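I opened this notebook to keep track of what I looked up, entry by entry.

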Amino acid sequence: SIIDCATGETLYRKQLDAKYVPQLCAFAREQGVVIITYNKQGVVTESPEDEWALKECFTCKLPMQKVEDLAAYVDYPICKMLITLDPARRSEVLEAGRKQFAGEIDLYPSSPFFIEAVPLGVAKDVSLSSLLESRGLTRDNLMAVKNDFSFFHSSFLLDQKVFCPQLISTNCSVAMELLTLVSYHFIKHFI
């Protein structure tokens, strides 16, 4: 989702179909990896001790909550699930997931130890494109500030101005900081 922080208005939202939650949980079990999602309090998983899942808590500064059965627990809308795993297994698990869920949901690596599971056709590049279109802007008006390298899985941001936060330019007509937090994309505008 993209939410205008100034007004609280949801500018773009697409949620993961609930039927994929148990399927993704089963896939993670079969692969011997951990899967997490989020609730209003923080990160939820069946395996709160997992070193890779704990990295999401550290990154987002959110608490971890253990649940006995994640698929049964998630009875609320979610935007994504996050597979956490040893980086040495990422390519293998990603390939298996893409094969199993082809044409249904998208899976993409967002760090060496994360694979994001999102609705088909949803990624940061798609969300940013929708935001620009809703504001009558083009890619030339975009400066994205990254908090991880998941921006770079798409050609949308290739050759775009992608900076660290301390390098935000006031000369850019629209500068946006995209942060992933509790499965939402918050946009801040600097003019």
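Is I78 buried or exposed? I looked it up and found I78 buried, with a relative accessible area of 5% (buried means under 20%, exposed over 50% and partly exposed in between, with a 1.4 Å probe and protein chains only).

Before going on, I noted that this is a predicted model, in which local features need pLDDT of at least 70 and side-chain atom pairs count only at pLDDT 80 or more, while totals for chains, interfaces and linings use all residues. Residues are numbered from 1 along each chain as its sequence is written, and side-chain values use heavy atoms, without hydrogens and water.

I placed I78 in the loop between α3 (70–73) and β6 (81–84); helices (H or I, at least four residues) and strands (E, at least two) are DSSP runs numbered from the N terminus. Apart from neighbours within four places in sequence, I78 is in contact (heavy atoms within 4.5 Å) with Q15, L16, V21, T37 and Y38.

Next I turned to the rings, and I found four aromatic pairs (ring centres of Phe, Tyr and Trp, the last by its six-membered ring, within 6.5 Å; planes under 30 degrees apart are stacked, over 60 edge-to-face, the rest tilted). Y73 and Y76 have ring centres 6.0 Å apart and planes at 85°, so I logged the pair as edge-to-face. F113 and F114, with centres 4.9 Å apart and planes at 85°, also form an edge-to-face pair, and ring pairs link W52, F113 and F114 into a cluster. I also noted that F114 is buried, at 6% relative accessibility.
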